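Colleague: I have not looked at this one before. Can you walk me through it?

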Amino acid sequence: MSRRGAWTVFIFDQVVTYVILVAGSVSAEVVYLANKGDVAVTWSEACGSYGGFCKKATVSIGITFSVVGFYVILSLISSDRLFSKYDAPSISSTAASSYPRNKQDQEMAAAFPA
């Protein structure tokens with residue numbers, strides 16, 4: 001896979017993961033309100049009347065968050081494949097020889113010898 005394709009897969013994985021996470025969070029809030037209600041806005045609990053809905057919605061939220069976990073793993077895999085295509089940055093010999101530049105850098109280099 002090319003770098004461009006790897007970036008596309010990585011970004012798509014990130015977007016889908018966050019969309020599913022947001023959907024699960026919103027669903028959890030709706031089920032919480034259905035279970036507890038909200039006195040401040042005069043919402044009464046709905047699970048007393050619609051118990052089947054609340055049970056199915058709770059299971060659905062559990063499945064959604066497990067899918068988020070799988071997408072996190074998928075995102076880690078795609079990021080590993082993407083960033084393994086790049087080499088680690090190297091320090092040129094001129095940059096390495098010019099270190100320590102000032103007194104504070106010299107003291108730090110003396111305190112922690114290589």
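**Rings and a buried serine**

Modeller: Phe10 has a relative accessible area of 15%, so Phe10 is buried (under 20% is buried, over 50% exposed, partly exposed in between, with a 1.4 Å probe and protein chains only). The model is predicted: local features need pLDDT of at least 70, side-chain atom pairs count only at pLDDT 80 or more, and totals for chains, interfaces and linings use all residues. Residues are numbered from 1 along each chain as its sequence is written, and side-chain values use heavy atoms, leaving out hydrogens and water.

Colleague: Which aromatic pair do Phe10 and Phe83 form?

Modeller: An edge-to-face one, 5.8 Å centre to centre with 75° between the planes. Rings of Phe, Tyr and Trp (its six-membered ring) pair if their centres lie within 6.5 Å; planes under 30 degrees apart are stacked, over 60 edge-to-face, the rest tilted.

Colleague: Where in the chain are Phe10 and Phe83?

Modeller: Phe10 is in helix H1 and Phe83 in helix H2, 73 residues apart. Helices are DSSP runs (H or I, at least four residues), numbered from the N terminus.

Colleague: Which residues do ring pairs link into a cluster?

Modeller: Trp7, Phe10 and Phe83.

Colleague: New topic. Is Ser75 buried or exposed?

Modeller: Buried, because its relative accessibility is 7%. Ser75 sits in helix H2, residues 51-83.

Colleague: What does Ser75 touch, not counting residues up to four places away in sequence?

Modeller: Phe10, Asp13, Gln14 and Thr17, where contact means heavy atoms within 4.5 Å.

Definitions and conventions
Helix = DSSP H or I, 4+ residues; strand = E, 2+ residues; numbered from the N terminus.
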